[in-house]
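Here is a walk through a protein model and its ligand. Start with the structure itself, then follow the text.

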Amino acid sequence: MAADSESQTVGVVGAGAMGRGIAQVAATGGCRVILYDARAEATTEAIEFINGMLDRAIKKERMTADEAGAAKDRLMPARDMTDFSEADVVIEAVSEDMELKSGVFAALEKATRPDCILASNTSSLSITRLAAACDRPDRVAGFHFFNPVPLMPLVEVIAGIRTEPAIIDRLVELGKVMGRTPVRVADAPGFLVNQVGRGYTLEATNLVDEGVSTFADVDAIMRDAAGFRMGPFELLDLTALDVTHPATVEIYEQSYHEPRFRPAMLMGQRMQAGLLGRKTKQGHYVYEDGKQQRPEEPAAPKFEGGTFWVEPGEDADALKEIVTASGAELETGDSPGADAVILIMPLGLDATTHAARAGLDAARTVAVDPIFDFKGRRTVMKTIVTGAEPMRKAHAMLAKDGTPVTRIQDSPGFVAQRILAMICAIGASVAQNRIATPGDVDRAVKLGLNYPNGPLEFADVLGVSRIVQILDGMAECSGDPRHRVGPWLRRRAALSMSATTEETPARG
Ligand code: NAD
């Protein structure tokens, strides 16, 4: 490949949503770009689209007219793949289908110079498998961009088992030329970002399937308490279930049925039912004129006082303050009086198990999630026998200062604890399996998924020992190995160390 970016020639195969974005950032980065699609009109449309985007960039003063003009001049349509004979790199972005992509790679091997890099933008197919069908697997790699490409700075640079390290170095440099933040990732099911992303949408779907909560309530908790920009079901509606569910199945199969990636039955059923999301105007929400119709939030019950007893523990003082500030009566004895609503704050265990173990009256026990310091939105959870009155009283008291409250059925780990613990567990296993460095795990997830923290940062912010306690409690209650704690988190919790701590090498 030519040493300076101005003289690099980048081929792009597939001029759909991703191919056109990749072509745009390559051209604005100074590369000559040759764009090819099996449908000639798709190439023409893509070039018109990119020119329109560049014109918009001029209007928004993100580019000068000269810069945009130069980028347009660097963009050329290809008649067929023989036009890639001078390319330094070809990036494949055709539809997500192994057979189709293998055919494209076989044709690219014939059409390109021997030193040309062949890269795939696949989201979930194995780079190693794609490369294995090629004569020269050493020059094949993953170059995974995010949608919409010009706005999403991350690119995962993925090494298959037989990819030459120098190829990865060249793609990392090209990623920078294209104005992206490249992250080096080993080939793994879903690579880095899409693997961690399973934790958010799968656990959310599973807990709705178990009858714990509703789509809208889960979204509200994850936005308001956990600080995510979009709830898991809003996100699923945006990406569409016919993209997310098959990708999950692919990741599950590639991982030889790792329980953390087990597809959610409800997601598969809703996909089969055609409730795909925004594009079908009906998903987890209904869309009218492109606008999401959110169910109205029920008003908090009227506050009429009440007596509360707070179980001792790490977060008891903060909850007691909320009780006192509301004007309700706070009992201060070692055990609850006969009429008090009993407030508990389980980590990982469900409310019923926690109340039973503590010898508390489950019928008047209400659990409050302490994981986000009772800020943003408070989650209130029943035991299986909590009465309507204690729930109503707890809801009214907790909403008295204007903080929204969401009530849920019993669940190990409420909603936020449960989803976040899964994200941390998967992020930790990505680090443990050396798919990426701990720093890159956090960096990539924040850039690729817009999470407020990376998975290991989340473990640090919430407490590594607490995350381990939550997962242990969830695993005990559910009996499901997907909730197990892996060695990465358990070891760092044992030493009270940051979840980002790298292991020292055995051979110094
Ligand atoms: P798309 O359907 O928008 O575009 C695919 C394009 O490939 C179409 O224009 C089609 O005509 C063309 N094509 C099909 N067969 C071809 C062939 N043999 N030769 C040349 N062109 C051919 O798809 P997309 O959303 O741009 O996705 C492309 C790839 O990027 C997939 O592997 C997908 O998994 C991956 N990806 C998609 C997203 C996303 O959010 N859309 C994000 C990251 C990665």
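In this model, 8 residues of domain 1 touch 6 residues of domain 2, where contact means heavy atoms within 4.5 Å. This is a predicted model, in which local features need pLDDT of at least 70, side-chain atom pairs count only at pLDDT 80 or more, and totals for chains, interfaces and linings use all residues. Residues are numbered from 1 along each chain as its sequence is written, and side-chain values use heavy atoms, without hydrogens and water.

The chain splits into domain 1 (9–186), domain 2 (193–293), domain 3 (307–403) and domain 4 (416–494). These bounds come from an automatic or database domain assignment. The C-alpha centres of domain 1 and domain 2 are 29 Å apart.

Between domain 1 and domain 2, about 500 Å² is buried, and carbon and sulfur atoms give 53% of it. Buried area is the accessible area (1.4 Å probe) that two parts lose on being put together, summed over both.

Now turn to the ligand. It is surrounded by 22 residues, and the closest are Met-18, Asp-37, Glu-96, Lys-101 and Asn-121; a residue counts if one of its heavy atoms lies within 4 Å. A backbone N or O atom of Met-18 sits 2.8 Å from a ligand oxygen atom. For Ala-38, a backbone N or O atom is 3.1 Å from a ligand nitrogen atom. Asn-121 places a polar side-chain atom 2.9 Å from an oxygen atom of the ligand.

Methods. A polar contact is a pair of N or O atoms within 3.5 Å; within protein, one must be able to donate a hydrogen and the other to accept it, and residues adjacent in sequence count only if both atoms are side-chain atoms.
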